[in-house]
Amino acid sequence: MVDYGLKDRVAIITGANNPQGIGAATALAFAREGANVVIAYQRIPRDFDEAKTGTNGVDRYFKANAGDASEVEAKLRELGARYLVLEKDISDEAQVKEVFDAAIERFGRVDVLINNAADGDMDGIDTIELITQSVIDDTFAVNVRGSLLMTREFVQRRGDYGRVVFLSTDSAQVFAGQITYGASKATLEALTRSVAMEVGQYGITVNSVAPGPTQTGWIDEELEEAVLPLIPMGKLIQPEDIANTIVFLASKQARMITGQVIKVSGGHAL
């Protein structure tokens, strides 16, 4: 069994209220390594059809992201994890500070930051002909501003160990149909390289993980049939696949890996 050196480390994971999501899987993965876990999330209210939430699809996904983190918290409790759950808006500077204040008050420090929280249009208007100012502003407020504010706070309050991981997407460089979302993730990939160069002097590594089509509850059977032929490995990526990569990048073994974008996509979008 590999010892990743994460026992008693303190990890903040943003956007972890969807029990089928990458954030939740990551929180549980860190807990299994003996880390102290801080979840910071915000509910994203969207209309959904309750009758359709029993199976994978957008309604199930919307419901999960509109809810609290109680299911994830219950799983952490079952693991006997040391954890803290905070409902905060990371696009707001004051609330970012509150996240770190609470984490440090509870656990004494923060060692790892996972910038997983994301927002984006899923109503089909994130195209150059239909895009609205509110979609642009809302997407970049969370995906870019929120991630930057969290990272700045992490660096300013750094201790003797530092790992930052951004969540991108394997289609960030070309994402027709979701141009604003894709652009926000491409921005994070650029920031990964720039911030890595700035904070290397402190022993902090900065990397991005770029998932391919991942079953976080939103891919229904029809979409799965359409996507599978585009994945050389022949199956959807699971949240645990992403979480395992994040844990490695946060580990002591990954101390010399920085400024990288790691695709976890089964070969999709190569």
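1. Leu-167 stands opposite Val-209 in strand 6. Strands here are DSSP runs of E, at least two residues long, and helices are DSSP runs of H or I, at least four residues long; both are numbered from the N terminus. Strand 5 (residues 162–167) and strand 6 (residues 204–211) pair in the parallel sense over 6 bridges. Pairing requires that DSSP finds at least two bridges between two strands.

2. A word on the source. This is a predicted model, in which local features need pLDDT of at least 70 and side-chain atom pairs count only at pLDDT 80 or more, while totals for chains, interfaces and linings use all residues. Residues are numbered from 1 along each chain as its sequence is written, and side-chain values use heavy atoms, with hydrogens and water left out.

3. Contact means heavy atoms within 4.5 Å. Angles run from 0 to 180 degrees between N-to-C directions, and axes are lines fitted to C-alpha atoms, for helices over the stretch in contact.

4. Which residues have the most contacts inside the largest nonpolar core? They are Phe-30 and Ile-246, in a core of 39 residues. Helix 1 supplies the largest share, 8 residues. A nonpolar core is a set of buried Ala, Val, Leu, Ile, Met, Phe, Trp, Tyr and Cys residues joined through side-chain atoms within 4.5 Å. Buried means under 20% relative accessible area (1.4 Å probe, protein chains only).

5. Ile-246 touches Ile-22, Thr-26, Phe-30, Ile-114, Val-165, Leu-167 and Val-209, not counting residues up to four places away in sequence.

6. The axes of helix 5 (residues 133–156) and helix 6 come within 10 Å and cross at roughly 15 degrees. Helix 5 and helix 6 are therefore roughly parallel to each other, a term for angles under 35 degrees.

Notes
Buried means under 20% relative accessible area, exposed over 50%, partly exposed in between (1.4 Å probe, protein chains only). Angles under 35 degrees count as roughly parallel, over 145 as roughly antiparallel, 65 to 115 as roughly perpendicular and the rest as oblique.
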